[in-house]
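Morning, everyone. I have one structure today, and I will talk about the site around its ligand. Please look at the sequence and the model first.

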Amino acid sequence: MCLFCDIVAGKIPSAKVYENDKVLCFNDINPAAPVHVLVVPKKHFDDIRDMSHSEEGRMYMGEVISAIDKVCENKSLDSGFRVVNNCGKDGGQTVMHAHFHVLGGTKFTEKII
Ligand code: AMP
Ligand code: ZN
C-alpha cells in the first residue's frame with residue numbers, strides 16, 4: 001500500500017490541479033506556501049533515483065517537468081516559484097513515492113543554498 005498510489009487510483013480524494021495519463025498534480029494537504037502543489041508520477045517510483053534507473057522512469061521525469069509548467073500556468077506563478085524534491089530518509093522524504101513540491105504565491109527570502 002502506498003498513499004500516493006491510492007490517491008492516483010482515486011481511493012483517497014485529492015484536490016486536483018492538473019492531470020494527464022502520466023502525472024497527477026494536487027494540492028498538498030499541509031501547505032508550506034500559498035501555492036503548494038505536489039507533482040506525482042502515476043507509476044510508482046520510490047524516489048528520484050529510482051526514476052533515473054530506467055528509460056521509463058526518465059520518460060516520466062520529462063512528464064514531471066511538463067506538468068510543472070502546467071501547474072505554473074494554472075496557478076499564475078509568473079514571477080517565480082520553487083521546486084523541492086526530498087529524497088530518502090536524510091532528505092526528509094516521508095511519502096516513499098517520488099514527488100515534487102511546487103511552491104509559490106509568495107516571494108521567498110530565505111535561501112537554503
Ligand atoms: P515529503 O515529506 O517530501 O515526502 O512530502 C510528502 C507531502 O505529502 C507532505 O508535504 C504532506 O503534507 C503531503 N501529504 C500527505 N498526505 C497527503 C494527502 N492525503 N493529500 C495531499 N498531500 C498529502
Ligand atoms: Zn506509490
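By class, the shell around ligand 1 holds 7 nonpolar, 8 polar and 1 charged residues. Here Ala, Val, Leu, Ile, Met, Phe, Trp, Tyr, Cys and Pro count as nonpolar, Asp, Glu, Lys and Arg as charged, and the others, Gly among them, as polar.

A word on the source. This is a predicted model, where local features need pLDDT of at least 70 and side-chain atom pairs count only at pLDDT 80 or more, while totals for chains, interfaces and linings use all residues. Residues are numbered from 1 along each chain as written, chains are lettered from A and ligands numbered from 1 in the order written, and side-chain values use heavy atoms, without hydrogens and water.

The shell has 16 residues, a residue being near if one of its heavy atoms lies within 4 Å. The closest are D28, N86, T94, H99 and H101.

Now the oxygen atoms of the ligand. A polar side-chain atom of N86 lies 2.9 Å from an oxygen atom of ligand 1. For T94, a backbone N or O atom is 2.7 Å from an oxygen atom of the ligand. For H101, a polar side-chain atom is 2.8 Å from one.

What does the side chain of H101 join within the protein? A polar contact of 2.8 Å links the side chains of H101 and H36; the term means a pair of N or O atoms within 3.5 Å, and within protein one must be able to donate a hydrogen and the other to accept it, with residues adjacent in sequence counting only if both atoms are side-chain atoms.

H36 is buried, at 7% relative accessible area (buried is under 20%, exposed over 50%, partly exposed in between, with a 1.4 Å probe and protein chains only).
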